[in-house]
Amino acid sequence: SSSTVRTDEPAVEKWGQELELAARDLDAAGRRAGFLRPDGTKDMKTLYALVESCYGQTCPRTEKGAVKTDQETLLGSGHPDLVAFADPDGVKKNITQYLPILRRAKGHPLTSSPNVLVATGRTSWRDPNLQNPPRKGGFRACFIPRPGNVFVSVDYSPIELKALAQMHLWWFKKSAMADALIAGEDLHLSLATVLEGVTYEYAKAALDNEEHQDHARIENARQTSKIANFGFPGGLSAETFVDYAGAQGVKLSTDGAYKIRDAWFARWPEMEDYFEVIKTATAWGPATVTQAVSGRQRA
């Protein structure tokens, strides 16, 4: 099946111009750092030396001993031009992956294809991804409703995690996630307290007050926690979580993803038991699995 949506041509072109300007800024950062030539090619010797000077003895290297220059390495360098060139906002990905699709939709609806169920049990969407569209950069503003219609945002808060907590109670007779919900806590903010090492009361006060000294820090931690709470239950590893978070505008290193995953298990320890149940079921091989309460079966 497929779904069609309409795009606003002026908005698409405006976004394209903004992306082109941002891309120029990325190149300007590379030229300032001295490794990007006028023709757009890289002077790798200069880049290697710059990265090595930033990290010193702890410089990340490949298996063959060469200095790494991947996005994660550049982002962690602390050098403002290297960080900018690493493209933390995904400007170049938007230019190559999303902008061409939107431009093809001029004058007619854009056809996008959902996949209701993939092998992992999750859903997906392509050409373009309308399930997890970029949060930043103006992509979402390019869509408009059909004449006589409006866009409506509906969100059960947070229905997936409430269902997961109920499964824990049915299966294990206990759930830290359920306890937090019963206490009236925001599950994403609750995880953020572990990431930031603060009490829930402090985090709530900081989040609710834009003038609070830690407002931005707690707000960012909650956004990261939200991605973790929805990503890790589906079986994401720390490595795949880096890409999953990046698609939603949160840039992480692999080490950072491992720390978040450890904090997630610490806050919701019942998830260890949950994955053991899932692992046992999948170890049987192809089979029909019956849902605990509804009786619905899935092969």
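Here are a few friendly notes on the nonpolar cores and salt bridges of this predicted model.

1. Let's start with the packing. The largest nonpolar core holds 28 residues, and Met177, Ala228, Phe232, Phe241, Trp264, Trp268 and Met271 have the most contacts inside it. At least two residues each come from helices H6, H7, H8, H10, H11, H12 and H13. H11 (238–246) gives the largest share, five residues.

2. Leaving aside residues up to four places away in sequence, Trp268 touches Ala176, Met177, Ala180, Leu187, Ser190 and Asn229. Apart from this core lies another, of 16 residues, including Trp15, Leu19, Ala23 and Phe143.

3. Now to the charged pairs: the whole structure contains 12 salt bridges. One of them joins the side chains of Asp27 and Lys92, at 3.9 Å from N to O. Asp27 belongs to helix H1 (residues 9–33) and Lys92 to helix H5 (residues 91–104), so this pair ties together parts 65 residues apart in sequence. Asp27 is partly exposed at 28% relative accessibility, and Lys92 is partly exposed at 35%.

4. Glu52 and Arg61 also form a salt bridge, with their closest N and O atoms 2.5 Å apart. Arg61 has a relative accessible area of 37% and Glu52 one of 34%, so Arg61 counts as partly exposed, as does Glu52.

5. Within helix H9 (residues 200–208), Lys204 and Asp208 are four residues apart, or about one helical turn. Their side chains meet in a salt bridge of 2.6 Å, N to O. Lys204 is partly exposed at 36%, whereas Asp208 is exposed at 52%.

6. Finally, a network of salt bridges links Glu13, Glu20 and Arg103.

How values were computed: Residues are numbered from 1 along each chain as its sequence is written. This is a predicted model: local features need pLDDT of at least 70, side-chain atom pairs count only at pLDDT 80 or more; totals for chains, interfaces and linings use all residues. Side-chain values use heavy atoms; hydrogens and water are left out. A nonpolar core is a set of buried Ala, Val, Leu, Ile, Met, Phe, Trp, Tyr and Cys residues joined through side-chain atoms within 4.5 Å. Buried means under 20% relative accessible area, exposed over 50%, partly exposed in between (1.4 Å probe, protein chains only). Contact means heavy atoms within 4.5 Å. A salt bridge is a side-chain nitrogen of Lys or Arg within 4 Å of a carboxyl oxygen of Asp or Glu.
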